[in-house]
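The following exercises ask the reader to work through a structure step by step. Each task is followed by its solution.

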Amino acid sequence: MEEIRLMKGNEVIAEAAVRCGCDGYFGYPITPQSEILETLTMMRPWETTGMVVVQAESEVAAINMAYGGASCGKRVMVSSSSPGISLMCEGLSYLAGAELPCLVVNVSRGGPGLGTIQPSQADYFQAVKGGGHGDYHLIVLAPGSVQEMYDFVSWGFDLAFRYRNPVMILSDGVIGQMMEKVVLSAPKPRWSDEQIAEMWGSWAVTGKPASRTRNIVTSVELDPLRQERFNHKLTDKYRTICEREARCEMVGCDDADYVIVAYGSSARISQKVVELAAEDGLKVGLLRPITLYPFPEREIERLSHRVKGFLSVEMSMGQMIEDVKLASRCRVPVYHFGRTGGVIHTPTEVYEALKSNFLQK
Amino acid sequence: MAAREVARTPENKVYSKPRLLTDAVMHFCPGCSHGTIHKLIAEVIDEMGMEHEAIGISPVGCGVLAYDYIDIDWVEAAHGRAAAVGTAIKRLNPSKLVFTYQGDGDLAAIGTGETIHACNRGENITIIYINNAIYGMTGGQMAPTTLLGQRTATTPQGRDAAQHGYPFKVGDMLAQLDGVCYVTRQSVHTPASVRRAKKALRKAFENSMQQKGLSFVEFVSTCSSGWKMTPVEANRWLAEHMLPVYPLGDIKG
């Protein structure tokens, strides 16, 4: 049954995994997301749903455990934070190359290097442009609240299996650590072996039954022409994903002169900026990408015909701004504002940046 | 004397290709141990009646295409990560026979961490470890297991302990871990050693199915191409040079 609780973003990821029938979680402690593994070990789902929880010896091991679980058609999840996600990038490339479904949660922090443990959005390029090697993409979801942290786990698994592709929830230390009211959905059971065989029997490694030939999960190809053909197939898949799955939320964009583009916690901060601007009689809208890959290009392209400019607000030195420029075809000025390294911008700072870029030039 | 015709009947048949070996032409070089070890795996799985329960994890290295040759479900892992992949497969499918197949570069160099920790957790899987003291697929470079003085593409003057350290005796190290129930070192360079190796493999697989912990079966193996020897010379070199450093027999269990 549905339930309402006050919970931390990280705790909610664990709760959502158990409630949506996740089969396995593999993690390694790293701030600011360790509560995910801690909450799961408090919940002891192996005694209730049978979900497996393993504390791995490294992020490298964790993502490869996920690769193993995903190979069996199981719903598997890993979580980490920025430096740990860097270590997982090899595995992400293999998951994409082997067309395996997997949910990856990045509660990101300041970088580069070991960086800081405070919130950051500087992993945008890594998440949406690759991170690992080769011609692949992750599907990237950007929750803007604790409720969305919960909802996107189930949505992420759906997308991962629909497209047989790893999905990343790109969150940050603000959303991971803050507490909000969250509506928890009724628990769904894990898939039975029979259901897995029926749904994913064409590729999942389950022990070869007499009824089919052997399944092989691999990303190796010795013939470059066949690899090229496969990469075209992957790209066709990504094209379909871009056509069907891009999501964004738009606030006050219909008659806006200027539009802030911001995701996750930066979008939360920018909501306040829209209010501050309205008090001054300025028409400022907010476009919040909910999916970062696919990027909501169509909406930005449409707005670019009539707004006077975009401000990309991100807790980074400016990464998503490149996609805003591409989507808007640079028809109007696109500026970036953001604090970085673990510093969170205030609404006032963002508003001042908006005014200085667009009104005082 | 005229050649005597012998009718082929089930009664006089003394040998056949294992049922679970496919008809794919193996890519292994003449004199390489991989083919014989593949054959043993196929035979043991069939004899245990585990064809429908077995899940193999192939490595990066010459063993990468094991899935083309043994007719069971397979996962091909990233370089060195097979033990982590196997951990999750077995935890999520406790009734399956899960084994990894890894060379000495894959397991004893890049995959050392995953190997040690899967062993230490006592995962109920079998690790099959092919130790031929060299990187085969990439063209004969030094492996952690390369013997002192052995010439390879990256030790053209021979392995020097001062610069490269010592031959890595992985099995002896893993035998110290509580999660490991069985460590054995076998070879397939003589008919007698093939028979002993097959028994060891069966024991390891049975341990895995009886949830006794991790079983580790090392095969001291030949790489005639990497060693730049004929198959016969490679078998002789294995006996004379490899076995004194890597003596055969059970190390634990």
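**Exercise 1.** Determine how many residues of helix α3 (residues 82-92) of chain B are buried.

*Solution.* Begin with the criterion: a residue is buried if 20 or more other C-beta atoms lie within 10 Å of its own, exposed if 12 or fewer, and partly exposed in between, with C-beta atoms placed from the backbone. Helices (H or I, at least four residues) and strands (E, at least two) are DSSP runs, numbered from the N terminus. By this criterion 11 of the 11 residues of the helix are buried, and α3(B) is mostly covered. Among them are B:Gly86, B:Lys90 and B:Arg91.

The model is predicted: local features need pLDDT of at least 70, side-chain atom pairs count only at pLDDT 80 or more, and totals for chains, interfaces and linings use all residues. Residues are numbered from 1 along each chain as its sequence is written, while chains are lettered from A and ligands numbered from 1 in the order in which they are written.

**Exercise 2.** Describe the side of chain A that touches chain B.

*Solution.* First, count the residues in contact (C-beta atoms, placed from the backbone, within 7 Å). Chain A contributes 32 residues and chain B contributes 29 residues. Next, identify the elements of chain A that give two or more residues: β2 (24-27), β3 (52-55), α3 (59-71), α4 (82-97) and β9 (216-217). The largest share, 8 residues, belongs to α3(A). Then sort by class, where Ala, Val, Leu, Ile, Met, Phe, Trp, Tyr, Cys and Pro count as nonpolar, Asp, Glu, Lys and Arg as charged, and the others, Gly among them, as polar. This side of chain A has 15 nonpolar, 11 polar and 6 charged residues.

Finally, examine strand pairing, which requires that DSSP finds at least two bridges between two strands. Strand β9(A) runs parallel to strand β2 (residues 73-76) of chain B, and 2 bridges join them. Opposite A:Ile216 stands B:Trp74 in β2(B).

**Exercise 3.** Is A:Arg329 buried or exposed, and what is its phi?

*Solution.* Start with the location: A:Arg329 lies in the loop between α12 (320-327) and β15 (334-337) of chain A. Its phi is positive, about 55°, although A:Arg329 is not a glycine. For comparison, most residues other than glycine have a negative phi. A:Arg329 counts as exposed because it has 12 C-beta neighbours inside 10 Å.

**Exercise 4.** Is B:Ala133 buried or exposed?

*Solution.* B:Ala133 occupies the loop between β4 (126-131) and α6 (161-164) of chain B. The phi of B:Ala133 is positive, near 65°. With 28 C-beta neighbours inside 10 Å, B:Ala133 counts as buried.

Methods
Two residues are in contact if their C-beta atoms, placed from the backbone, lie within 7 Å.
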